[in-house]
Amino acid sequence: MGFLLKGAHVVDPALGIDDVLDVRIENDRIVEVGSELAASDGAELLDFSGKYLVPGLVDMHVHLRDPGQEYKEDIESGTRAAAKGGFTGVCSMPNTDPVTDTGSVVSYILARAAEVGHCRVYPSGAMTHGLGGEALSEMGDMVERGVVAFTDDGRGIQGAGMVRTCMDYGKMFDKVFMSHCQDESLVGAGQINEGPVSTKLGLAPWPAEGEEIQIARDIDMARLTGAKLHIQHITTERGLNLVRAAKQEGLPVTCEVTPHHLLLCDEDIDRTYDTNLKVNPPLRTKADLAALRAGLVDGTVDALVTDHAPHAAWEKAREFALAPFGMTGIETSLALMLTHFVKPGIIGFDRLVELMSIVPRRILGIKQVQIAPGSLADITVFDPTVVWTVGADGYESKSSNCAFHGRELTGRATDVFVGGAMSLREGSIV
Ligand SMILES: NC(=O)N[C@@H](CC(=O)O)C(=O)O
Ligand SMILES: [Zn+2]
Ligand SMILES: [Zn+2]
């Protein structure tokens, strides 16, 4: 069993490859990369001319909602949506029900992913019991069952002492600590970014400082404990500058940004009053957006993630203040990045691959995939020229709370291989 992938434009910055090449897959591995490779017995030939072929994309921030909130998403539908979006793997967040804070929940997620998944699932586990911020989760048990990272995503840990305890104890496992930064005493019932728009709309304000204070604090805790720190869904210029300074200091600090925080700002809420734009942390200002874009280009931003946060239509159909935070994103992120950053030449395909494939694996400590013989055949193929409309053919996700619904985008994943098996073929789930 195998495939001969013909004539794709292969981009793998880790190897310095940026060329039209053929790739041969046998079983779960890449076995040959070169020009004009000859077909072999039993291998299926796929013509990828005009397409790009890159190491499989990994989204390191995804809410699969399983166990517990399967009416929003489950492991089958969430990984199906991921494959449709071009991903070969996702890191699942622990704000499930029950919370992913014990080994048995981790084992459930991995077993279910093996059974029904359309891509790999790399589970993260909670830092504190029940995301309560009061007591340690069962970190060692979860590491034994396969978590790749720790995070209380969905909530900020309120006490600096608790963050320190988590890091001091948990750093022996050599996993990254990922911080959702939100000071509840400042944010309170905040709905959108604090500024003229929140005043005009009469929506409770969420100050930038409610995020930045915990970014600064967690960098201090990483320095104090020696633990690896990753700032999740960063949204403000000052927050990004804190990460920039930590890196200059040589601390093991990384950060991620979402397409929505790169492309939308609080003024878009004024324009649309769309609850799909209600997200945690909130859409910030135009100036923040520009700062995040600069960080994407200069390397301060390490990873591009979606924070795919599915919610049922009826939940988002409520008054703004009652609607839950979050938007879906896993079916649109590659296309948004191709359309708004690669096509206009703001970043190259090589930087895109770093942001969406290589660096997420590095941060999570997952073995790299390379377009080279011997590597696992986790591969993403996309057409950078196809024009399509978001949501026109529905979504693979169970939820449709997509802030980009109806937008025309250029570029889309066409084929995805996970361990040498196709999970997306010519744009359709296998
Ligand atoms: N991002 C969101 O707006 N919502 C996330 C929680 C989170 O990522 O903090 C969710 O679980 O719905
Ligand atoms: Zn979060
Ligand atoms: Zn999240």
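## Surroundings of ligand 1

In this predicted model, ligand 1 is surrounded by His-63, Asn-95, Asp-153, Gly-154, His-180, Val-279, Asn-280, Asp-307, Ala-309, Phe-325 and Gly-326. A residue is counted as near the ligand if its C-beta atom, placed from the backbone, lies within 6 Å of it. By class, the shell around ligand 1 has three nonpolar, six polar and two charged residues. Here Ala, Val, Leu, Ile, Met, Phe, Trp, Tyr, Cys and Pro count as nonpolar, Asp, Glu, Lys and Arg as charged, and the others, Gly among them, as polar.

Residues are numbered from 1 along each chain as its sequence is written, while chains are lettered from A and ligands numbered from 1 in the order in which they are written. Local features need pLDDT of at least 70 and side-chain atom pairs count only at pLDDT 80 or more, whereas totals for chains, interfaces and linings use all residues.

## Backbone features in the loops

Most residues other than glycine have a negative phi, and most peptide bonds are trans. Asp-307, one of the residues around ligand 1, has a positive phi near 50 degrees. Asp-307 is placed in the loop between strand 15 (303–304) and helix 12 (313–316). Helices (H or I, at least four residues) and strands (E, at least two) are DSSP runs, numbered from the N terminus.

Asn-280, also among the residues of the ligand shell, is joined to Pro-281 by a cis peptide bond with omega about -10 degrees. Pro-281 belongs to the loop between helix 10 (266–272) and helix 11 (286–298). Another cis peptide bond runs from Asp-66 to Pro-67, with omega near 10 degrees. Pro-67 is found in the loop between strand 6 (57–62) and helix 1.

## Two domains

The protein chain is assigned domain 1 (2–53 + 373–395 + 409–429) and domain 2 (55–364), with bounds that come from an automatic or database domain assignment. The centres of domain 1 and domain 2, taken over C-alpha atoms, are 28 Å apart.

In domain 1, 23 residues are in contact with 27 residues of domain 2; contact requires C-beta atoms, placed from the backbone, to lie within 7 Å. Strand 1 (2–12), strand 16 (379–389), strand 17 (408–418) and strand 18 (421–425) each give two or more residues to the side of domain 1 that touches domain 2. Strand 17 supplies the largest share of that side, seven residues. The classes on this side of domain 1 are 15 nonpolar, four polar and four charged residues.

## Helix packing

Two packed helices are described by the angle between their axes and the distance between the axes. Axes are lines fitted to C-alpha atoms, for helices over the stretch in contact, and angles run from 0 to 180 degrees between N-to-C directions. Angles under 35 degrees count as roughly parallel, over 145 as roughly antiparallel, 65 to 115 as roughly perpendicular and the rest as oblique.

Helix 1 (residues 75–84) packs against helix 2 (residues 103–116) at about 60 degrees, with axes 9 Å apart, and the two are therefore oblique to each other. Ile-75, Glu-76 and Thr-79 of helix 1 meet Ile-109, Arg-112, Ala-113 and Val-116 of helix 2. These contact residues comprise four nonpolar, one polar and two charged.

For helix 4 (residues 160–170) and helix 7 (residues 209–225), the angle is about 40 degrees and the axes are 10 Å apart. Helix 4 and helix 7 are therefore oblique as well.

Definitions and conventions
Two residues are in contact if their C-beta atoms, placed from the backbone, lie within 7 Å.
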